[in-house]
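This report describes selected features of one protein model.

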Amino acid sequence: MSLVKILNVNTINPKAGFNEAFQFEITFECIEQLKDDLEFKLVYVWSGKSSTLDQELDSLFVGPVPVGINKFVFTADAPNVSKIPKDDLLDVSVILLTCSYMEKMFTRIGYYVNNAYADEELQANPPATPDITKIQRSILADKPRVTQFTINWDDPTKEEQPPMQSVEEMMAAEDTEEEDPEDADEVEEEEEEDDKGDVDLDETEAQDEAELEYDDEELEEDGDDEMAVDDDHQKPAMTHSAMPTAVGMEVE
């Protein structure tokens, strides 16, 4: 049984400029006291050929984690453009949000990202050298690919995790899925709504993709305490107000 369940991931800025930071509001439930902190990472994948080309945009440790429902905002910088070939800046890429405990991943959430010029003239006649300032990033926030992994929460080092699905396999699975005409119409309607960045994640068995449901009701936080999350990977402390160099976690 998993001691931590990701309940909801809200993509705060699903549409933004290429160089703008990524922002996710993550809500999770902890059902038992943990011995160590949780680690969250955001990875940008522009090539499915090799994981060595991936860029880790940011990582942070969250803890100590109280039992109950917790919420925090994860902010990560945009990818380093100098490390991406100009021919690969446009079109589709992937971002991976991973959640780990004692260096063992228990949840991975993947999103497709479409990078394109917002201006129709630039779309029709793109410059030879991409103009980063005019490229818009669109995260398909309503269609995440969620994978759960079983770990030994008492001592994660005692268990070896099964091989993870590669980005190539993830993209191939997406391409081979049969699309119903009615579903296609629903997808079109969803893509027209810019504010669809909030996705509820249901728990699934290990290695299975989670079924996703939208929940229009906002989680109401009763507690006043906040947990400080330090971007410098130092162990955060429980405080009653967010520290200047950290983001706050609301505790219910």
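Two strands are said to pair if DSSP finds at least two bridges between them. The structure discussed here is a predicted model.

**A strand and its partners**

Strand 4 covers residues 38–45. To which strands is strand 4 joined, and in which sense? With strand 5 (residues 55–62), strand 4 pairs in the antiparallel sense over seven bridges. Strand 7 (residues 91–101) is also antiparallel to strand 4, and eight bridges join these two. Individual residues illustrate both pairings: Val43 has Glu56 of strand 5 as its bridge partner, and Leu42 stands opposite Leu97 in strand 7.

Strand 4 is largely enclosed by the rest of the structure, because seven of its eight residues are buried. A residue counts as buried when its relative accessible area is under 20%.

**Two loop residues**

Asp131 belongs to the loop between helix 1 (120–124) and strand 9 (135–139). Ala141 is found in the loop between strand 9 and strand 10 (145–148). Are these residues buried or exposed, or in between? Asp131 has a relative accessible area of 26% and is therefore partly exposed. Ala141, with a relative accessible area of 1%, is buried.

| Pair | Separation in sequence | C-alpha to C-alpha distance |
|---|---|---|
| Asp131 and Leu89 | 42 residues | 9.9 Å |
| Ala141 and Gly110 | 31 residues | 9.4 Å |

Methods
Residues numbered from 1 in each chain as written. Predicted model: local features only at pLDDT ≥ 70, side-chain atom pairs only at ≥ 80, totals over all residues. Heavy atoms only, no water. Helix = DSSP H or I, 4+ residues; strand = E, 2+ residues; numbered from the N terminus. Buried < 20%, exposed > 50% of the residue type's maximum accessible area, 1.4 Å probe, protein only.
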